[in-house]
Amino acid sequence: PMYRAYALTLEFCLWWTGVFLEIETNDPWPTGALADRIPQPEGNHTYDVSLNDQSWLSVNVKNIDADGSNRYIEQCRAMGFTEDPELNEAFTGMDPDGYVVQISQYGNIKKMNVRLQAPVHMTAFSWTTNPAFAIAPVPESQTGVIMYEYRDMYEVMLGDTDHTAYDAYVQKCMDAGFNREYSRTRNAFYGYTEAGDWIKTEYVGFNRMSIELKLADKTEKTE
């Protein structure tokens with residue numbers, strides 16, 4: 001549904017604003033179903049809560065140094081969050097129920113962002129006849145969920161995809177023509193076709209891969 005894309009965009013903007021701008025809200029530590037899944041940091045801190053709904057929780061912890069952030073990571077490990085060794089940009093852990101926490105440290109400004117995502121429920125999945133799906137290589141995984149879908153763009157999350165399978169899919173994308181103005185890192189890739197179609201893939205950890213694709217605007221422009 002269309003509202004899903006708007007919601008994702010709004011969530012990202014709120015998170016970006018909350019992390020990088022000093023909005024002195026001085027919220028208390030959040031409460032609710034998601035907040036109960038993670039520990040409260042030890043010590044005296046103030047918080048900015050930029051998201052707290054059924055799917056996402058994002059909290060900035062202020063006045064916390066690198067040692068404090070590392071202690072919080074240990075608190076999360078003690079609650080059952082284990083890491084995917086393929087992810088090394090920030091601490092990212094999943095608990096046995098599928099909740100995923102990401103902890104980003106900003107030691108130079110004594111801030112830490114804690115971001116928790118509720119489980120993404122996946123089912124048997126097959127490529128559809130949507131024109132946007134048709135130009136992308138078919139992935140091996142048959143387990144996934146459509147995050148949003150329009151005629152000219154979509155995003156899916158796929159399970160049962162380890163890093164080897166992810167690398168193989170990225171290569172399939174390049175071989176299929178998504179090799180113009182591309183960028184490829186260990187866990188992320190995007191590229192264009194000669195016609196201007198765009199794809200982005202990301203290994204998001206724990207045998208999961210996201211795929212976004214947008215068809216080029218082929219509307220003829222007239223003077």
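Notes on the source. I am working from a predicted model, where local features need pLDDT of at least 70, side-chain atom pairs count only at pLDDT 80 or more, and totals for chains, interfaces and linings use all residues. Residues are numbered from 1 along each chain as its sequence is written, and side-chain values use heavy atoms, without hydrogens or water.

Entry on Thr-92. Leaving out residues up to four places away in sequence, Thr-92 touches several residues, including Thr-82, Val-100 and Phe-206 (contact means heavy atoms within 4.5 Å).

Entry on the sheet. I traced an open sheet of six strands, in the order β1-β2-β6-β5-β4-β3, with antiparallel pairing (two strands pair if DSSP finds at least two bridges between them). β1 (46–52) and β3 (82–83) are at the edges; each has a single partner strand, so one side of each lacks a neighbour in the sheet. β1 pairs with β2 (residues 56–62) over six bridges, in the antiparallel sense. Tyr-47 has Val-61 in β2 as its bridge partner.

Entry on the core. I checked the largest nonpolar core and found 22 residues (buried Ala, Val, Leu, Ile, Met, Phe, Trp, Tyr and Cys joined through side-chain atoms within 4.5 Å). Trp-127, Tyr-154, Ile-199 and Ile-211 have the most contacts inside this core. Its largest share, five residues, comes from α4.

Key
Buried means under 20% relative accessible area, exposed over 50%, partly exposed in between (1.4 Å probe, protein chains only). Helices (H or I, at least four residues) and strands (E, at least two) are DSSP runs, numbered from the N terminus.
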